[in-house]
Every structure is written in C-alpha cells, then in structure tokens.
Amino acid sequence: MGKVQPEEKDVKEKTTEFSLVRVKSTWKGQLGKKINKDRVDSVSAAKICENVTEKGTTWTVISPIVFTYKVTETQGLLDPGNDTLLLGHINDPQQLEDIKKSNKPIRRFVVVDQAVFQIYGSKLTEYLEANNVSYKILALPTTEENKSMETALKILDEVNNFSLDRRTEPIIAIGGGVCLDIVGFAASLYRRRTPYIRVPTTLLSYIDASVGAKTGVNFANCKNKLGAYIPPAATFLDLSFIQTVSRRHISNGLAEILKMAMMKHGGLFELLEKHGSMLLNTKFQTDNSVYGCSTLKAASQATRIAIMTMLEELAPNLWEDDLDRLVDFGHLISPALEMKVLPSLLHGEAVNIDMSYMVYVSKERGLLTEEEKQRIISCMVSLELPVWHQEFTMELIQNSLQDRLKHSGGLVRMPLPVGLGEAERSRSHCLCICNKGGTGSFTFFAAELTV
C-alpha cells in the first residue's frame, strides 16, 4: 500500500483507512478521503482499515457486495420469436448487441422438473433448436422427498460434463419451488458461483421461491438446512405455465399470496375475499373464461401486489441479517409439520395451518378482533386451504420454538397480524406462544377447527 512507514514506538495503537484505487490494472491503497479521479482508472467502494497495536496488526476489509437481478413478467416465454429466456438477463446493451451479431451458437444447460418436461418438453426443445442453441436438457423428479445434496451433485456432474462457461452461460431452471431451490444451490457451488435463471411453473414458486435469493436442499431431516443466499441473474414469469397445474396447487400458491395480504396489504386481502374462488376456478388464466376481463384484472393485481410486497421485504434484507422478517409469517412451525407428514401436505398448506394458529394467538393477545379472526379463517377456507392438521400438536409447537430460539439469537422473532393487512415485528408478541396465552390459543384453535 505505497511506501513502508517507519514504526512509531511511542504510539501504542494506530488505525489507518485506505481507499482502493486502480491505476494501470493494479489496485492500490490510498490514504485520505479526497481522491483525484482524473489520475486513477477507477475507485472501489471497498476499503481496508489497518489497526496496529503492540500485539500486532489487524486488517479489516469493508467490501460491499451488490447484486442486481431482474424479475420480469412476460408472455409466450417458449415462443421461438421471444428471446427473453436466452437473452433477457443481459443488462449491458453492447454485450446484447455483440451476441446478436455473433455467429457463435448460444449454449444453455437446462434443468427442468420431470413432470413439467412431460408437458412442455417438446415445446422447449423446439424453442432451443429454432434459436440455434447448443443445449443439454436434464429432466429430474424434483420433489420435497429428493430435495437433497445427492440431487444437487447429480446436476453438478452434468453441468461439468457440459463444460459450461460460468460467465456467459447461465443455467436455466424450469419448475416449481423445489426445482428452483436445488438448481440455485447447485449453481452457487459450481465454480463458486455460476449465474442461473429461474422460470417458475407453479403459482407458489411464481410468488415466493422465484423472487428471492435463497437456495437450498433438505438435510438431516430438516427443511433447507443446507443452502446459500445467491439470487438468480433473472426470473422470468409467465402465467401460462400455471394453467397445467392442479387446482390443489393453485390453492397451495394462494397461501403465499394470502400471507403477504395479511402482513402488508389490506386491499389484497379484500381482493382474495371477493375473487379468490374465481382465481381458483380460472387458474389465473383469461382465455375462454366466463369471467372475462374480471379474471385478467384480479389475477394481475393479485400477483403484482404479492410480488411487490415480497420484494419490498426481501431487497433490503437479502442475506437475512435482520432476523425480524414479516415474510417469515407462517414459517415457524410449518417446516417441522411439513417434514413430519411428508408428502401429505404441500408447502403452502403447511404454511397456512401455521398462519391459522397464529391468527388465534393474535386474537388471544388482543391484536385481532373476533370479526377479523373469522374473516381470515373464512378466507382461508374459501381458498380451499387446510386450517388444521392432526399432527399440529402442542409438542410440535414447543419443539419448533426451541429450534427457532437456537438460531435466532435467543428470541422467537415471529411477526403476528395486528389487523387485516398490518403486522408487527414485535418480539414480545412472538414470545406469547410460549406462555399461558399460547396454550389457551391452541385449545381454542384445536376445539374450533378440528373436524
């Protein structure tokens, strides 16, 4: 970092901050806050602080990491004339122009859920061949039962055999949330981080898994215990994929939309109350719908509000440095419940049962009125979501709390609804489910909802 300074024996401790500048391809530390930018090629946002004491020297590196990724709504993603899937992730206009002018074929490694491939495999193949893409398609059964390190390693073996260029050839993941999580995790491991693209094909993944940074696989019988925070280069959303999923999976995805409605947006909650059944019936599609433009408006509003409110919470806290997260609503007891009864409950169904119980906790703590509680439960039922399960026991709740306490700084840190479309990140409110009020809530919850 420039000239070596002679030691000052009389000074017991000295701290020096260096800015980092690049001159002729070499990074150098520079003292002082004022930098003549005309004399350097570039200035980094990173800094190095050197602290010298009698015991030795400590260097503290401050290196901001910035991720930029797109979440793009599109139509006809597999239409050969639509190049979004191949080029939509590129932000640099010059790079985009160079690729379009080049005679070199585009190369893509695609991982697709096996069930999705059975429906869209021929269309996907036709799309890649029509665009002169050199490709490898790996179709895998991506279910919660095989969301494992073994599946991730299988993907990595195939990626390695394909000789992927990690800088210019992003891996493409097409499928539900499990598929997107596994592929994202594998991409984070290959060459320490390979760009990847998410294409969700279920409503749940459209709203939830596709828009954040989390990737992972199950481990030691725990959900997503291995993982990384690596966002995709881009997510491409095409609602037409949703038309081929079952009604139950539409309901499953509506649980995550309802979560955001309860936490952040009263208008979205009212939309689900009024149009939830229609969205279930039409699968968020407008073609040949007896509901006409009402479907288009409701589907568009529901998905856009849910995604925007989700991104509002995720973007400032991408690495979850702040453990008080509204998007964790419904995720305190549901991971243990989902794994315990696997595969009988879908993710959104387990989340909804968790949310249902928390609604009773909020009511017992005076955060919700009886009318608000009944409106929420009625909305859940109208969306054909389960509000109770026989394995959702007080023992399961207590074990989940103990596990959360271990990993959340000694606090449960769980948000609760304080009205329709409002919530608090209050830790003291979260702790109420450990005390007598929580036990009382469970008694009312079990008595009213057990069928």
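**A first walk through the model**

Let me begin with the interior: of the 451 residues in the protein, 49% are buried, where buried means under 20% relative accessible area, exposed means over 50%, and partly exposed lies in between, with a 1.4 Å probe and protein chains only. Please keep in mind that this is a predicted model, in which local features need pLDDT of at least 70 and side-chain atom pairs count only at pLDDT 80 or more, while totals for chains, interfaces and linings use all residues. Residues are numbered from 1 along each chain as its sequence is written, and side-chain values use heavy atoms, with hydrogens and water left out.

On the overall fold, the secondary structure comes to 15 helices and 14 strands, taken as DSSP runs numbered from the N terminus, with at least four residues (H or I) for a helix and at least two (E) for a strand. The C-alpha atoms fill a box of roughly 80 × 65 × 40 Å along the principal axes. Among contacts with a separation of 6 or more, 70% are between residues 24 or more positions apart, a contact being heavy atoms within 4.5 Å.

Now to a pair of helices. H7 (residues 247–264) and H8 (residues 266–282) pack at an angle of about 170°, their axes 9 Å apart; the axes are lines fitted to C-alpha atoms over the stretch in contact, and angles run from 0 to 180 degrees between N-to-C directions. The two helices are therefore roughly antiparallel to each other, since angles over 145 degrees count that way, under 35 as roughly parallel, 65 to 115 as roughly perpendicular and the rest as oblique. Residues making this contact include Ile-250, Leu-254 and Leu-258 of H7, and Phe-269, Leu-272 and Gly-276 of H8.

Which residues does His-347 touch, leaving aside those up to four places away in sequence? They are Leu-204, Asp-208, Lys-223, Asn-252, Glu-256, His-331 and Glu-338. His-347 itself is found in helix H11 (residues 347–364) and is buried, at a relative accessible area of 16%. In the loop between helix H10 (334–340) and H11 we find Pro-343, which is joined to Leu-342 by a cis peptide bond with omega of about 5°.
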